[in-house]
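Hello,

Please find the structure below. My notes on its aromatic rings follow.

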Amino acid sequence: MKIIVKCIFIVLFISSSIVIKAQNTITAEVIKISNKFYKIVCKNTRNYTANTLAYVGEEGILLIDAGYLETAEELLSKIETLGNGKLKILINTHLHLDHTGGNKLLANDSVIIIAHENVKKHLQGFYGQIRNVSPEALPDITFEDSYSVYFNNEEIKLLYFPGHTDGDIIVYFTASKIAFLGDLLLTNGFPSVESNAGGNIEQYIRSVRKILTFFPEDTRFIAGHGRDYTLDEMKQYYNMIINTTNTIRQGLKEGKDASIMIKENILRKWNVKVTNGPTADYWIGAVVASLTNKNTNPSIAEPLLNTLIKRNASAAINQYREFKKNKFNNYNFNENALNVLGYYLLGKNRVEEAIKILKLNVEEYPKAFNVYDSLGEAYMKYGDKKRAIKNYKISLVLNPDNINAVQMLKKLKRN
Ligand SMILES: [Zn+2]
């Protein structure tokens, strides 16, 4: 989970549990699921736990998630007692440091690290949240939608299910019917959606809904934190997410902000047992942040527009990349920003520069239909009919309801 959540927990912990503080030692508890699967629960000095899963066989060990950096030594010592003790593959379910922190110690020349491409970007500091991750701790293999690993005679599917962050994956053992859900499932408290790591409540709900129909009835669902769930329990979990989100949405409609909803304890009727996991208060704040897209930062378009007025598109593009890396938390980098600038340049007849800016937007938001539509228009104005048609067609694939693209394609094919 994310840094801010942890801070809240630390404060609560310090204020309520000073008495037992001295007892907190690092542990890595091995729970045997079968001859092939061992869940290893890492507990750090602050009493937080994070789950990892070791899959053991002839070819060696595949490990899902690396726990905290501070528990990595203990984790490694336990892995060395399993099978032939040789860790070969390490998979990170998402970027958070209770799942990737141990990479640094677990990684060596014979270990391959696999994660979603957004996890690598976060760990490289691309979004300005996590810094100073050593190169050996970065994923060696990344992917976009899905990736299959064949190891110890089983196909292991890595599937993109975003929502908690923008880089969540589910690791599914197709023959053993075990699905490691990472932080899409938390059974030690309320769920977690981290807007500042690209998480989104709507996407999260879609992902959890998809889990309910995607996996066989007898799948074992392993949470990022807490005990395992059955499919029936997953269904209850989904209902809790839907109902609590609707309650919070209703609160917003009634003009309440997160602090009022917390004060009114609006989620009291959900009996979620919280054991060092996210609290109801956290969940209210997280859902409100996601629903209201509380990015009150100024748009990145503001400083870039100045650069476009004084200089040119290339300078603005360099500035964009530099700010995204170093000032990500100070600006709002939504798809609209570059789009607005593209149209500003088109309006000034600086068409070649508009194309450069809109191409960057496509690079940044490759799944947004509108960015292709805009780039199509710029190419049309530039007289590059072929590229205009291509971009309008992509836009239409991404959003078949884009009537403007249909009309533009007709026009382009007529001329
Ligand atoms: Zn997390």
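How many aromatic pairs does the structure hold? It holds 14, where rings of Phe, Tyr and Trp (its six-membered ring) pair if their centres lie within 6.5 Å. This is a predicted model, in which local features need pLDDT of at least 70 and side-chain atom pairs count only at pLDDT 80 or more, while totals for chains, interfaces and linings use all residues. Residues are numbered from 1 along each chain as its sequence is written, and side-chain values use heavy atoms, with hydrogens and water left out.

One of the pairs is F37 with F173: the ring centres are 4.8 Å apart and the planes stand at 85 degrees, so the pair is edge-to-face (planes over 60 degrees apart; under 30 is stacked, the rest tilted). F37 is in strand 2 (residues 37-43) and F173 in strand 10 (residues 169-173), 136 residues apart. Strands (E, at least two residues) and helices (H or I, at least four) are DSSP runs, numbered from the N terminus. F37 has a relative accessible area of 2% and F173 one of 0%; F37 is buried, and F173 is buried (under 20%; exposed is over 50%, partly exposed in between, with a 1.4 Å probe and protein chains only).

F161 and F214 also pair edge-to-face, with centres 5.8 Å apart and planes at 85 degrees. F161 lies in the loop between strand 9 (154-160) and strand 10, and F214 in helix 6 (residues 201-214), so the pair ties together parts 53 residues apart in sequence. F161 is buried at 2%, whereas F214 is partly exposed at 41%.

Regards
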